[in-house]
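Visitor: I would like to learn how to read a model of several protein chains, one feature at a time. Could you take me through it slowly?

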Amino acid sequence: MTMAATLLAQEEGANPLIPHTYELVVGIFSFLVVLFVVGRILVPRIQKTLAERTDAIEGGIKRAEEAQAQAQVLQQEYRDQLAEARQEAARLREEAREQAAQIKAELREEAQAEARRLVEAAHAQIEADRQAAFAQLRAEIGRLSTDLAGRIVGESLEDEARQSRIVDRFLDELESSNAQAVR
Amino acid sequence: MSAQERRPENDGRDFADAMWSVPSSLLAGMAIYGGLGWLLDRWLGMSAFFPIGVVLGVVLGGYLVYRKFGR
Amino acid sequence: MNALTVLLAPAGDQFGAPTPEELFNLPPIIPGVYWFTKPVLLAMLSAVLVIGVTWAAFAKPKLVPRGVQNAVELGYMFVRDQVARPFLGKDADRWMGLLVSVFFLVLVWNLMGVVPVLQFPVASHIAFPAVLALVIYGLKVYLGIKHQGGVGYFKNMMFPPGLPKPIYFLLAPIEFLSNMIIAPFTHAVRLFANMFAGHMLLAFFSMVGFWFLFEKLTPLGAPVGVVGVVMTILLTGLEIFIQYLQAFLFAMLAAMYIGGSLHPEH
């Protein structure tokens, strides 16, 4: 209503819809200056700053995310390593146990062998000692017997051959009498 | 033409487009067909074509907006 | 308005509502320099103000905004998110310079209407909105021809796809008139008319208040004067909102025209 009224009232005066030339000139110039300074110089600057700000914020988030991812990878790695180490330890224990068992078995074997050897050696020694003792005893007995016999018979048995013959005979008699006695 | 991808923000654009083109389409329709009717009236010495033209123009303008944005 | 004037006229001795002639046909500030009138002065002042404030804010922008930068950034964000992005999408940043300049300049032009002492909306002289609308119009046609080709631009404009063939014959002239003549005209006139009417209203009510409370204070006239003052205050608030809204719409339509030329959608 206001518009219509004013437009009607304006009919006889200067028509407000007809622009003044000087205002057009001032308008276009002031707009171009604003467009140049604000639109051409200042807006690109703020756009750059806004982009940087977005970058900074997004960069921060991105960095945090990266750090987290890295931490997770690291954790996973540690966990893997730990599991591996555990497995390794178990494996080593098992191996050690096996080795120990093997060594024990070997040692037992060896010890048994040694013991057998010792026993055998001892047996051999005993046998040898017995033989030696037996031989010595036989000689001693022979000598004693001849001595005894000589004394009894009163006869000197200087002759070796004779002596030995007598001893042998004596011994043979002894042995056979022995055998008879044992039987 | 419609190869241009439709982003969500284009919905607002469509709506605003429609809002702004309703009055100007109606006005243009009235002006063109009213004017045509008026010329016809003057030529034939009648007075029937001007109102017919105006109504036709409004109808066409409305139809145009409806077909462009109404669906 | 005329009715109101008639009603009020007998109450005050010789109260006359301000006529558009008085309000808008202003004499030169310096006698003899015919072109240097108040609107011209305010237009220049507005340009200086826009440049000055924006320069203070954006000359050396900080990553963390402070003070003026914070405030002007708010305006920048508003233009970007409400004007540029909805209509230009990914092309928004390239046109921000133009749109910010248009929005800020028109906003300051309009706000001159409520700044005490100055109190004249620059855009209520049609020359100023017309110049801006003309620049946008030229840009729209230029971009349309550049991006769609000379024939393609007019074909896309006048023959929107999806209509029955014979109807094009009837509709094409409407589209042409609507896009090429009515659109730029209403672009300028919408802003102009709003500022013009707003200024008339404010001037009328403040005149009523001034007349009945100061010039001719009478028991009968005093309540009328109070109404005038209250209305002036209320309308100033409304006017600030409308001034901002019109600046926004002007920039929005500019973005819409540019977007339409870059990407014909219909």
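**A buried histidine**

Guide: Let us begin with His125(C), which counts as buried because its relative accessibility is 9%, and please keep in mind throughout that this is a predicted model.

Visitor: Where does His125(C) lie in chain C, and which residues is His125(C) in contact with?

Guide: His125(C) is found in the loop between α5 (92-111) and α6 of chain C. If we set aside its neighbours within four places in sequence, the contacts of His125(C) are His20(A) and Glu23(A) from chain A, together with Phe24(C), Pro39(C), Phe120(C) and Phe192(C) from chain C.

Visitor: Let us turn to chain A. How many helices and strands does chain A have?

Guide: Chain A has three helices and zero strands, so that reading along the sequence gives the pattern α-α-α. Of its 183 residues, 16% count as buried.

Visitor: What does UniProt list for residues 24-43 of chain A, and what for residues 57-124?

Guide: An unreviewed UniProt entry lists residues 24-43 of chain A as "transmembrane region", and residues 57-124 of chain A as "coiled-coil region", again from an unreviewed entry. In the model, residues 24-43 of chain A are 100% helix and 0% strand, with the end C-alpha atoms 26 Å apart. Residues 57-124 of chain A are likewise 100% helix and 0% strand, and there the end C-alpha atoms are 98 Å apart.

Visitor: How should I read the place where two chains touch, and what is the area buried between chain A and chain C?

Guide: One reads an interface by its residues, its area and its pairings. Here 39 residues of chain A are in contact with 48 residues of chain C, and about 3800 Å² is buried between the two chains, with carbon and sulfur atoms giving 78% of that area. Tyr22(A), Glu23(A) and Phe31(A) together supply 16% of the area that chain A buries against chain C, more than any other three residues.

Visitor: How many polar contacts and salt bridges are there between chain A and chain C?

Guide: There are eight residue pairs in polar contact, both residues being at pLDDT 80 or more, and one salt bridge. On the side of chain A that touches chain C, the elements giving two or more residues are α1 (2-10) and α2 (21-153) of chain A, and α2(A) gives the most, with 25 residues. That side divides into 25 nonpolar, ten polar and four charged residues.

Visitor: What is the general idea of a salt bridge, and which side chains meet in the one between chain A and chain C?

Guide: Side chains of opposite charge can pair when their charged atoms come close. In this case Arg53(A) and Glu73(C) meet, at 2.9 Å from N to O. Over all chains the count is nine salt bridges. Arg53(A) is in helix α2 of chain A and Glu73(C) in helix α4 (residues 68-88) of chain C, so this pair joins two chains. Arg53(A) counts as buried at 16% relative accessibility, and Glu73(C) is buried too, at 4%.

Visitor: How are Glu88(A) and Arg91(A) placed in helix α2 of chain A?

Guide: An α-helix has 3.6 residues a turn, so residues three or four places apart point the same way. Glu88(A) and Arg91(A) are three residues apart in helix α2 of chain A, and therefore about one helical turn separates them. They form a salt bridge whose closest N and O atoms are 2.8 Å apart, and a network of salt bridges links Glu88(A), Arg91(A) and Glu95(A). Glu88(A) is partly exposed at 37% relative accessibility, as is Arg91(A) at 43%.

Conventions
Residues are numbered from 1 along each chain as its sequence is written. Chains are lettered from A and ligands numbered from 1 in the order in which they are written. This is a predicted model: local features need pLDDT of at least 70, side-chain atom pairs count only at pLDDT 80 or more; totals for chains, interfaces and linings use all residues. Side-chain values use heavy atoms; hydrogens and water are left out. UniProt positions are given in the numbering used here, feature names are shortened, and annotations may be inferred rather than shown by experiment. Helices (H or I, at least four residues) and strands (E, at least two) are DSSP runs, numbered from the N terminus. Contact means heavy atoms within 4.5 Å. Buried area is the accessible area (1.4 Å probe) that two parts lose on being put together, summed over both. A salt bridge is a side-chain nitrogen of Lys or Arg within 4 Å of a carboxyl oxygen of Asp or Glu. A polar contact is a pair of N or O atoms within 3.5 Å; within protein, one must be able to donate a hydrogen and the other to accept it, and residues adjacent in sequence count only if both atoms are side-chain atoms. Ala, Val, Leu, Ile, Met, Phe, Trp, Tyr, Cys and Pro count as nonpolar, Asp, Glu, Lys and Arg as charged, and the others, Gly among them, as polar. Buried means under 20% relative accessible area, exposed over 50%, partly exposed in between (1.4 Å probe, protein chains only).
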